[in-house]
Amino acid sequence: MEINLELRSEVLRYSLHLEDGINSLLLLNLGIFDVGRTTRLFGNKAGISYKQKIDLLFDIDVLTKEENAEMELLSIFRNKLLHDIYYNSMLSIIDSLDKGLKSKFKVYFEKGQDIGDEKDCLASLRKLFLKNIKTISEKNKYLKEISEQKRELFADGQNRNLHQIDVFYDLIKELSLDGDFAKSVHQFSFQTVHPAFYHPVLMES
């Protein structure tokens with residue numbers, strides 16, 4: 001039986017790029033920005049499957065219904081060529097599809113191409129792969145830009161907050177030089193946090 005390593009290698013190459021993009025898109029949407037961080041689900045030992053990942057992206061409104069369907073259609077060819085030795089050509093996979101899936105795949109054929117032709121089927125599969133890779137790449141690019149903007153805004157806000165805290169404590173330090181003021185601040189804080197334990201005699205001592 002012919003294995004057709006050339007076809008399988010091409011599908012594997014496209015799949016690696018696509019799945020890496022899907023993984024990155026999920027990490028960004030889940031707020032995991034440290035690429036070196038070890039995760040149980042998205043590390044080298046995948047905790048969830050390709051289909052579970054694209055379904056999760058659909059559930060959190062990152063992929064549209066149409067985009068999710070395109071990813072699922074692609075996964076049929078991917079899985080058969082990468083995991084089943086008996087499917088060694090495009091036509092062998094086409095023959096195993098039902099009418100609905102064949103109709104969906106025909107959408108990616110150019111005018112004049114034939115679903116019964118091996119080369120035309122491979123050209124359409126490449127088109128489907130590239131469409132999905134483009135979808136994931138554009139979403140990753142957009143989300144990275146948004147994330148960077150949010151990070152910058154957060155950093156600016158954090159720096160302003162830290163400055164305000166420094167100013168506040170400088171003021172407290174300055175005013176604390178007045179013994180009566182320091183005593184009143186301490187008394188107010190104690191009453192506010194622990195009113196039940198406030199004892200005027202103890203506070204005066």
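In which helix does Ser15 lie? Ser15 lies in helix H1, where helices (H or I, at least four residues) and strands (E, at least two) are DSSP runs numbered from the N terminus. The model is predicted, so that local features need pLDDT of at least 70 and side-chain atom pairs count only at pLDDT 80 or more, while totals for chains, interfaces and linings use all residues. Residues are numbered from 1 along each chain as its sequence is written, and side-chain values use heavy atoms, with hydrogens and water left out.

**Overall build**

The secondary structure of the protein amounts to eight helices and zero strands, which read along the sequence as α-α-α-α-α-α-α-α. Of the 205 residues in the protein, 30% are buried, a term that stands for under 20% relative accessible area, with exposed meaning over 50% and partly exposed in between (1.4 Å probe, protein chains only). The protein exposes about 14300 Å², of which carbon and sulfur atoms supply 56%; accessible areas come from the Shrake-Rupley method with a 1.4 Å probe, and for residues only the protein chains shown count as cover. Among contacts (heavy atoms within 4.5 Å) with a separation of 6 or more, residues 24 or more positions apart account for 61%.

Leaving aside neighbours within four places in sequence, Leu18 is in contact with Tyr50, Met71, Leu74, Phe129, Asn132, Ile133 and Ile136. Phe129 lies in helix H6 and is buried, with a relative accessible area of 2%. Not counting residues up to four places away in sequence, Phe129 touches Val11, Tyr14, Ser15, Leu18 and Leu74. Although Phe129 and His17 are 112 residues apart in sequence, they are 9.9 Å apart in space, C-alpha to C-alpha. Ser15 counts as buried at 3% relative accessibility, and, with residues up to four places away again not counted, Ser15 touches Arg78, Leu82 and Phe129.

**Aromatic rings**

A search of the whole structure finds three aromatic pairs. The rings of Phe77 and Phe105 have their planes at 40° and their centres 4.6 Å apart, so the pair is tilted; rings of Phe, Tyr and Trp (its six-membered ring) pair if their centres lie within 6.5 Å, and planes under 30 degrees apart count as stacked, over 60 as edge-to-face and the rest as tilted. Because Phe77 lies in helix H3 (residues 65-83) and Phe105 in helix H5 (residues 99-106), the pair ties together parts that are 28 residues apart in sequence. Phe105 and Phe109 also form an aromatic pair, which is edge-to-face, at 5.3 Å centre to centre and with 90° between the planes. Phe77 counts as buried at 0% relative accessibility, and both Phe105 and Phe109 are buried.

Charges also sit over rings, a description used if NZ of Lys or CZ of Arg is within 6 Å of the ring centre and within 35 degrees of the ring normal.

| Charged residue | Ring | Distance from the ring centre |
|---|---|---|
| Arg13 | Tyr14 | 5.2 Å |
| Arg78 | Tyr50 | 4.9 Å |
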